[in-house]
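Q: Hi, I've just opened this one and could use a guide. Can you walk me through it?

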Amino acid sequence: TGWAMPLGLGHVAGLGIVWRAIRGRVPVRVLPGRDPLLLLAALHGTSPAVSHVSLVPAQLVRVLDEARGTPPPAALRAVLLGGGPIPPDLVTRALRAGWPVVPTYGLSETASGVTALTSEEAWDRPGSAGVPLPGVRLTLADQDDAGVGEIVIESASRFSGYLGEDADPAPAGLPVRTGDLGRLDRQGRLTVVDRRVDRIVRGGENVSPAEVEAVLASHPAIADACVVGIPDAVMG
């Protein structure tokens with residue numbers, strides 16, 4: 001019946017809401033993205049009722065905190081979640097509160113959506129970003145012993161190139177090396193681990209800051225966390 005847009009149009013996630021609303025021929029309701037109280041009130045009070053909304057993990061945390069266990073609006077059918085690493089505990093918390101969370105993965109270079117996981121599947125795989133959308137092929141390059149490799153995307157919605165790099169547009173079928181690290185399970189479901197450039201190598205062992213941050217952030221006394229590498233003469 002309608003999309004809620006608490007994300008800015010300067011980012012592909014916000015633009016993706018507009019594209020989906022146009023394709024579905026439904027209205028878009030622009031909502032305040034930074035104030036969880038106003039966002040929650042708008043979701044409950046919109047007329048016509050909003051059925052879909054896209055949020056980043058930090059927004060969903062604030063909305064759940066403000067909701068204090070109350071159920072979401074009855075008309076809400078899907079809460080697309082993306083824009084960064086998705087803590088599994090956050091997905092589980094939202095699902096238990098009745099919020100129809102749909103974990104996703106995407107990037108600007110592929111016009112947003114690459115993978116998605118239904119709310120029903122998220123119960124079993126809360127840390128997964130789902131399977132490739134129709135028309136998208138996803139592979140992993142340079143995998144390590146744990147099966148973690150760089151996410152490579154082939155899609156008809158591929159971008160033509162970066163401004164100032166090449167005079168000629170890139171071929172439509174050329175794979176996009178995302179710079180993101182991930183792993184695939186036996187069902188082909190993607191779990192995003194971290195950015196390749198963020199990887200910390202400690203004594204020959206790979207450490208993904210996002211995974212450590214997710215564990216720290218799951219503690220009720222910690223509001224946010226950032227993990228960085230510090231040079232060490234022995235460990236690197």
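Q: Which residue of β2 does W3 stand opposite?
A: W3 stands opposite V28 in β2. Keep in mind as we go that this is a predicted model. The strands β1 and β2 run parallel and are joined by three bridges.

Q: What sheet are they part of, and in what order do its strands come?
A: It is an open sheet of seven strands, in the order β2-β1-β3-β4-β5-β6-β7, and the pairing is mixed. The edges are β2 (28-30) and β7 (131-132). Each of those two has a single partner strand, so one side of each is left without a neighbour in the sheet.

Q: What holds strands together in a sheet, in general?
A: Strands of a sheet pair through backbone hydrogen bonds, and the pairing can be parallel or antiparallel.

Q: OK, on to β3. How many bridges join it to β1?
A: Two bridges join β3 to β1 (residues 3-5), and those strands run parallel. In that pairing A4 stands opposite V53. β3 is also joined to strand β4 (residues 78-81), by four bridges and again in parallel. There, S54 stands opposite L80.

Q: How does the chain get from β3 to β4?
A: The chain crosses through helix α3 (residues 57-67), making a right-handed β-α-β crossover.

Q: Are the residues of β3 buried or exposed?
A: H52 and S54 on one side are buried, and so are V53 and L55 on the other, which leaves both faces of β3 (residues 52-55) covered. As background, side chains in a regular strand alternate between the two faces of the sheet.

Q: Let's zoom in on S54. What does it touch?
A: Setting aside residues up to four places away in sequence, S54 touches W3, A4, P6, L7, I17, R20, Q59 and L80. The relative accessible area of S54 is 7%, so this residue counts as buried.

Q: And V50, where is that?
A: V50 sits in the loop between α2 (36-45) and β3. With a relative accessible area of 3%, V50 is buried. Leaving out neighbours within four places in sequence, the contacts of V50 include T1, G2, W3 and A4, along with R29, L43, A75 and L76.

Q: How far apart are V50 and L216 in space?
A: Their C-alpha atoms are 34 Å apart, and 166 residues separate V50 and L216 in sequence.

Q: New topic: which strands does β9 pair with?
A: β9 runs antiparallel to strand β8 (residues 136-141), with six bridges joining them. β9 also pairs with strand β10 (residues 176-184), in the antiparallel sense over four bridges. In the pairing with β10, G149 has G182 as its bridge partner.

Q: Why is β9 described as largely enclosed?
A: Six of the seven residues of β9 (residues 149-155) are buried, so the strand is largely enclosed by the rest of the structure.

Q: How many salt bridges are there?
A: The count comes to seven. One of them joins E154 and R137, with the closest N and O atoms 2.6 Å apart. E154 is in strand β9 and R137 in strand β8, 17 residues apart. E154 and R137 are also bridge partners in the strand pairing.

Q: How accessible are E154 and R137?
A: E154 is partly exposed at 26% relative accessible area. R137 is also partly exposed, at 48%.

Q: What about the salt bridge between R177 and E150?
A: The side chains of R177 and E150 meet at 2.7 Å, N to O. R177 lies in β10 and E150 in β9, so the pair ties together parts that are 27 residues apart in sequence. R177 is partly exposed at 47%, whereas E150 is buried at 3%.

Q: Last one: which residues form the nonpolar patch on the surface?
A: L9, L15 and W19 form that patch, with about 280 Å² of accessible area together. L15 belongs to helix α1 (residues 12-24) and is partly exposed, at 32% relative accessible area.

Technical notes
Residues are numbered from 1 along each chain as its sequence is written. This is a predicted model: local features need pLDDT of at least 70, side-chain atom pairs count only at pLDDT 80 or more; totals for chains, interfaces and linings use all residues. Side-chain values use heavy atoms; hydrogens and water are left out. Patches are made of residues with over 30% relative accessible area and no salt bridge: like charges are joined within 9 Å, nonpolar side chains (Val, Leu, Ile, Met, Phe, Trp, Tyr) within 5 Å. Accessible areas come from the Shrake-Rupley method with a 1.4 Å probe; for residues, only the protein chains shown count as cover. A salt bridge is a side-chain nitrogen of Lys or Arg within 4 Å of a carboxyl oxygen of Asp or Glu. Buried means under 20% relative accessible area, exposed over 50%, partly exposed in between (1.4 Å probe, protein chains only). Two strands pair if DSSP finds at least two bridges between them. A crossover is right-handed if, with the strands pointing away from the viewer, the path from the first strand over the helix to the second runs clockwise. Contact means heavy atoms within 4.5 Å.
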